[in-house]
Amino acid sequence: MLTINTLRVLGVEERFLRYVKVDTQSDPASKTCPSTEKQKNLGTLLVKELSAMGITDAHLDAHGYVFATIPANSDKHVPTVCFCSHMDTSPDCSGAGVKPIIHRDYQGEDLVLPDDPSIVIKPTDHADLKNQVGNDIITASGTTLLGADDKAGIAEIMTAAELLMTHPEIKHGTIKILFTPDEEIGRGVDRVDLNKLGADYAYTIDGETAGSIEDETFSADGVTVTISGVSVHPGFAKGKLQSAIKIAAEIIAGLPTDRLSPESTEGREGFVHPVSLTGHVEQAVIEFIVRDFTDDRLHTHEAELEAIVKSTLSRYPGCTYHFEVKEQYRNMKQVLDKHPQVMAIGLEAIERAGMQPIRRSIRGGTDGSRLSFMGLPCPNVFAGGHAFHGKQEWVSVQDMEKAVRTILHIAALWEEQA
């Protein structure tokens, strides 16, 4: 324990600055895996760096997954533990040409981003900035996101890997490393080979505030509503035309605004959120995401949404609709509660790294949600980034260093308790 906390954590800042300059934005419209070939550029770089550490099996597979193994250095029978982060960045904001800026010895001021001075990161808007006085804050320059989600996690795992390879006094079992593509578009583990990975338990390093660990996510569905209207030449349309686009707009306008929307919910409240509207007079398609922490409430929200659709369509007797629900992921707490040691070790590791553990629920999902239901129990540990998916994204170098130590403590604790 003392060894880990007194280790010099070198390289995490440099790695992070290097990784964010690689454009890895994923594309939800693509049908390939990975959804963008450029994600493999980062994967190739990571494999090269892992190999340079002396990790002999590091490789990038055809689907864009990076696998690597740090061999055990303990005589005990220790469960195999995986650390996982995703390589892609969000489609919501450009990740091309990221110019990271380091704000040394931050003193609580507003951070004005030079390439677009209208982008200002204010402590009044970012509560965690108030805890960063004296630290080094990394932001983008104002025209792109930063990519801390989740290149901070990648830099932390890579730094921890190098420390484990060069410090045999830290006893651990077999450690697996997994870097995934396409997490931001919900396809991060679609093609992962868990048999090849060979892990018993895992931790995604993809959370926010230093000291936080999350064992609960939303349960999530996608809903596609397809409206079939009646198309008639507009010059002869009176009493006949029933525009699918206008009907779709009415459905969206009929959604509650004071509840059940992302704009009006927080904490453990769920929501129904339209994310896409496409079509023409004859047919229109609305894509929704539906979220809540329990499956029962999720289904209740879907029933309310369909009731709004039915009510709207009742005014258009010539039109029909199709309502399709697709499961996206489920609340990982359903799995993790059956494996309490995974969270217990995560919480103790954070404490040993000098922080007060913060147990949280995620108003979203991670690769860990689906991995847990695929048989690999996987809570989510902080990576230190904030304001994901936008130009105000930022991360603290010191928080990244704390994440590295937390990873090392997790590895050591599994060996201690074996």
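Does Arg360 count as buried, partly exposed or exposed, and at what relative accessibility? Arg360 counts as partly exposed, at 28% relative accessibility; buried means under 20% relative accessible area, exposed over 50%, and partly exposed in between, with a 1.4 Å probe and protein chains only. This is a predicted model, in which local features need pLDDT of at least 70 and side-chain atom pairs count only at pLDDT 80 or more, while totals for chains, interfaces and linings use all residues. Residues are numbered from 1 along each chain as its sequence is written, and side-chain values use heavy atoms, with hydrogens and water left out.

Side chains of opposite charge can pair when their charged atoms come close. The structure holds 22 salt bridges, a salt bridge being a side-chain nitrogen of Lys or Arg within 4 Å of a carboxyl oxygen of Asp or Glu. One of them joins Arg360 to Glu208, with the closest N and O atoms 3.5 Å apart. Arg360 belongs to strand β15 (residues 358-361) and Glu208 to the loop between β9 (201-207) and β10 (212-216), so this pair ties together parts that are 152 residues apart in sequence. Here helices (H or I, at least four residues) and strands (E, at least two) are DSSP runs, numbered from the N terminus. Glu208 counts as partly exposed, at 29% relative accessibility.

Strand β15 also contributes Arg359, whose side chain meets that of Asp215 in a salt bridge (2.8 Å, N to O). This pair links distant parts of the chain, with Asp215 in strand β10 and Arg359 144 residues apart from it. Asp215 is buried, with a relative accessible area of 4%. Asp215 and Arg359 are also linked with Lys333 and Asp337 in a network of salt bridges.

Another salt bridge is formed by the side chains of Asp292 and Arg297 (2.8 Å, N to O). Asp292 counts as buried at 2% relative accessibility, whereas Arg297 counts as partly exposed at 33%.

The peptide bond from Cys33 to Pro34 is cis, with omega near 0°, and Pro34 is placed in the loop between α2 (12-20) and α3 (39-52). A cis peptide bond also runs from Asp149 to Asp150, with omega near 10°; Asp150 lies in helix α4 (residues 148-166).

Asp105, although not a glycine, has a positive phi of about 50°. Asp105 lies in the loop between β4 (101-103) and β5 (111-112) and is partly exposed, with a relative accessible area of 44%.
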